[in-house]
Amino acid sequence: MMMYFMRLMLVVFILAGLCTAALADPETFEVNDEKSIYAFTQGMTPILTVPNGATLIIKTKDCFANQLQKPDDKIDTVDWNQINPATGPIFIETAEPGDVLEIKIESVEVGKQGVMMVDKTFGVLKDRFDGMYFRIMPIEDGKIIFDEKLSIPIRPMIGVIGVAPKSGSFSTGTPHSHGGNMDTNLIGAGVTLYLPVSEKGAMLAVGDIHAIQGEGEICGTGVETPAVVTLKVNVRKDMKLNNPVLDDGANIMVIASAQTLDEAAVIATSDMADILAAKIPLDMENINYLMSALGNLHISQVVDPLMTVRFSMGKDILSIYGFPGF
Ligand code: CA
Ligand code: ZN
């Protein structure tokens, strides 16, 4: 009887093993868009806990929480408390304060249409308007139908991606050193974003996808769309960062946000100088020459309460000095 039982258990174990193998990758997690945050703070309650190394397939609402769907929807009925929902937060096991969360963005699939909005209180050209206006733009075959003359090939990007901040509370409408509403149009498929971790589990949240957005985001919106973002997280214990860093394959960039572009430029530039001082065998004088000769400052956005810039250095140059990237 005992022998029979043990044989039976063996069969059960083998079957269980086969079943597990037949299921989807256990390291891949789908996250629907039902639970969002509107601020990155310390002590948020996670909607999901995933192991380090997990792949996440995250559904996101557009920045209007999908409240504007048709041209005749009423903009005055929009609930502005639901602006910029970020799906999450997601607890990533082993992430501790002082670590860095490496996020490889694999794909960003946008919805069937996008929304743009202008308002008299919002955007660089706000003085030209006496109210709030929006337009729906269909997205067909990878192109935004702007009007009968112009179809724009999409370049999907993530507006809001962040983790719990060191302290305080940051609306998902603003960027800061935790990431957040960086509206940096390079944050799309194929790049790796590094965010400084300030809380156990990091607490990642993602939202505000744009089918396309220019540098600056001058009217305050990109082509806003719901989306499905696939990304892979990896906790880096060997890195320390003050601000988000982006690697687009060719360049390493420090992304910094501050009250003014001038202040943001100083933060991004001095963070890059510190990274290079730690990674390449040049003194600060020569790092300065290198950054001034070959580095580039770019404006990411000028419309979210804080301004965002990035300082970019070519990885080919840094490789010469033994730093091919993180
Ligand atoms: Ca945004
Ligand atoms: Zn947006």
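Is Gly114 buried or exposed? I took this up as my opening entry, noting that the model is a predicted one.

**Entry 1: Gly114**

I located Gly114 in strand 8, which covers residues 113-119. I counted 27 other C-beta atoms within 10 Å of Gly114, and the cut-off for a buried residue is 20 or more; Gly114 is therefore buried. I then listed its contacts, leaving aside neighbours within four places in sequence: Met137, Ile139, Ile144, Ala211, Val223, Glu224 and Thr225. I also checked Gly114 against Ile209, which lies 95 residues apart from it along the chain, and found their C-alpha atoms separated by 9.7 Å.

**Entry 2: the nonpolar core**

I looked up the largest nonpolar core and found that it has 76 residues. The residues with the most contacts inside this core are Ile92, Leu101, Ile158, Ile187, Ala202, Leu204 and Val206. Neighbours within four places in sequence aside, Leu204 is in contact with Gly88, Pro89, Ile90, Ile92, Leu101, Val163 and Val233.

**Entry 3: helix 2 and helix 3**

I examined how helix 2 (residues 261-279) and helix 3 (residues 284-294) are placed, and found that their axes come within 10 Å and cross at roughly 120 degrees. Helix 2 is therefore oblique to helix 3. I recorded the crossing of these two helices as right-handed.

Which residues of helix 2 meet helix 3? I noted Met272, Ala273, Leu276 and Ala277 on the helix 2 side, meeting Met284, Ile287 and Met291 in helix 3.

Notes. Residues are numbered from 1 along each chain as its sequence is written. Chains are lettered from A and ligands numbered from 1 in the order in which they are written. This is a predicted model: local features need pLDDT of at least 70, side-chain atom pairs count only at pLDDT 80 or more; totals for chains, interfaces and linings use all residues. A nonpolar core is a set of buried Ala, Val, Leu, Ile, Met, Phe, Trp, Tyr and Cys residues joined through C-beta atoms within 7 Å. A residue is buried if 20 or more other C-beta atoms lie within 10 Å of its own, exposed if 12 or fewer, and partly exposed in between; C-beta atoms are placed from the backbone. Two residues are in contact if their C-beta atoms, placed from the backbone, lie within 7 Å. Axes are lines fitted to C-alpha atoms, for helices over the stretch in contact, and angles run from 0 to 180 degrees between N-to-C directions. Helices (H or I, at least four residues) and strands (E, at least two) are DSSP runs, numbered from the N terminus. Angles under 35 degrees count as roughly parallel, over 145 as roughly antiparallel, 65 to 115 as roughly perpendicular and the rest as oblique. A crossing is left-handed if the near helix is turned anticlockwise from the far one by less than a right angle, and right-handed if clockwise.
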